[in-house]
Amino acid sequence: MANDTAQSGSPQRDRDPAESSPRTHSATSEAAAEKHEPLSKRQRKKLLKQQRWEEERDLRSQRRKERKQQRRLKRQERQEAEDGEEPGGRKRIRTEPAPSSLRLVLDCSFDHLMPMKDVRKLHKQLQRCYAMNRRAAHPVQFYVTSLGGQLRQSLDEKDRGWVNWKDIHLKTEHFGEIAAAEELVYLTSDSPTELKELDLSKAYVIGGLVDHNHHKGITFETAKKLGIDHAQLPLSSFVKMNSRKILTVNHVFEIILSYLEKASWQEAFFTVLPQRKGAVPVDQDPRTAGGEREEEREEEREEEHESDSGPDAEQTTELHPEVLS
């Protein structure tokens, strides 16, 4: 009898507690499901994208190096041609620059309105203006006024050789102190006056502001407040674009240098304007314009945006200084 009792009780002792209670088994299953919940289709795609991004890191780096090397070789070839050799090894006569009496002034008094990332962009634009003026057929009298604050800090940190720049006037004073009021013309896209030709006796002021339209019209208001002349380049008379007519400081600067050389606004515009803007003559549809981005813009975009921060990193920064268009 005792054995029968023991044998009949043994299955109860050996039974899994989880099997003895349907409610306990259900709770355990739910906990396991929570721990090992399968990824959704979207999550799997995102995970695979991240894995591919990591696996191709070295390949992307190598491609960037190769593109930079190709651009460097092209620039070197162009520079060699400019230094006196034409295709085929023939010597080309290089004309000496003929300095212009025209004054171009970069007004840096808006430093306090910009975050440092935008000041860095203005710094790069200033570097390009300086380099272009040094190579120009008719270099202008280049003034940088109200130099200080964050821009001065950026120059000291990123470009220590700036103190040795030649053929440039670096001033801490406001531009109103370097020329008489009647000689000043502020270039601003909001001016109702269109600039027909350049007056070599004038000092043309370009607003040094990269603000993404946060301070729209500020250069025009500055000119009116100071009681000085203002004007905008005759862009609309010669050019149609498939993007907004906002030009960077260095584009405005180079257009003026090109006009001094070619004596034609249309030639100046189409020599300088980047192809990405789809610039075409006023009698042509800008939607038909194409072409690759100019090299300088491509390099700038790579430096600023082509990082390894992740495949979904935002890469849509655009320069919108409040300068003339």
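Strand E2 (residues 141-145) and strand E3 are paired in the parallel sense over 2 bridges, where two strands count as paired if DSSP finds at least two bridges between them, and helices (H or I, at least four residues) and strands (E, at least two) are DSSP runs numbered from the N terminus. Within this pairing, Val144 has Leu170 in E3 as its bridge partner. The model is predicted, so that local features need pLDDT of at least 70 and side-chain atom pairs count only at pLDDT 80 or more, while totals for chains, interfaces and linings use all residues. Residues are numbered from 1 along each chain as its sequence is written, and side-chain values use heavy atoms, with hydrogens and water left out.

The two strands belong to an open sheet of 6 strands in the order E3-E2-E1-E5-E4-E6, with parallel pairing. At its edges lie E3 (169-170) and E6 (229-231), each of which pairs on one side only. Helix H6 packs on the sheet, touching E1 (103-107) and E2, and its direction makes about 160 degrees with that of E2; contact means heavy atoms within 4.5 Å, and angles run from 0 to 180 degrees between N-to-C directions, with axes fitted to C-alpha atoms, for helices over the stretch in contact. Helix H10 lies across E1, E2, E4 (184-187) and E5 (203-207), running at about 155 degrees to E5.

H6 (residues 116-135) and H10 (residues 249-262) also pack against each other at an angle of about 15 degrees, with their axes 8 Å apart. H6 is therefore roughly parallel to H10, a term for angles under 35 degrees. Among the residues that meet are Leu122 and Met132 in H6, and Phe253 and Leu257 in H10.

Terms used:
Angles under 35 degrees count as roughly parallel, over 145 as roughly antiparallel, 65 to 115 as roughly perpendicular and the rest as oblique.
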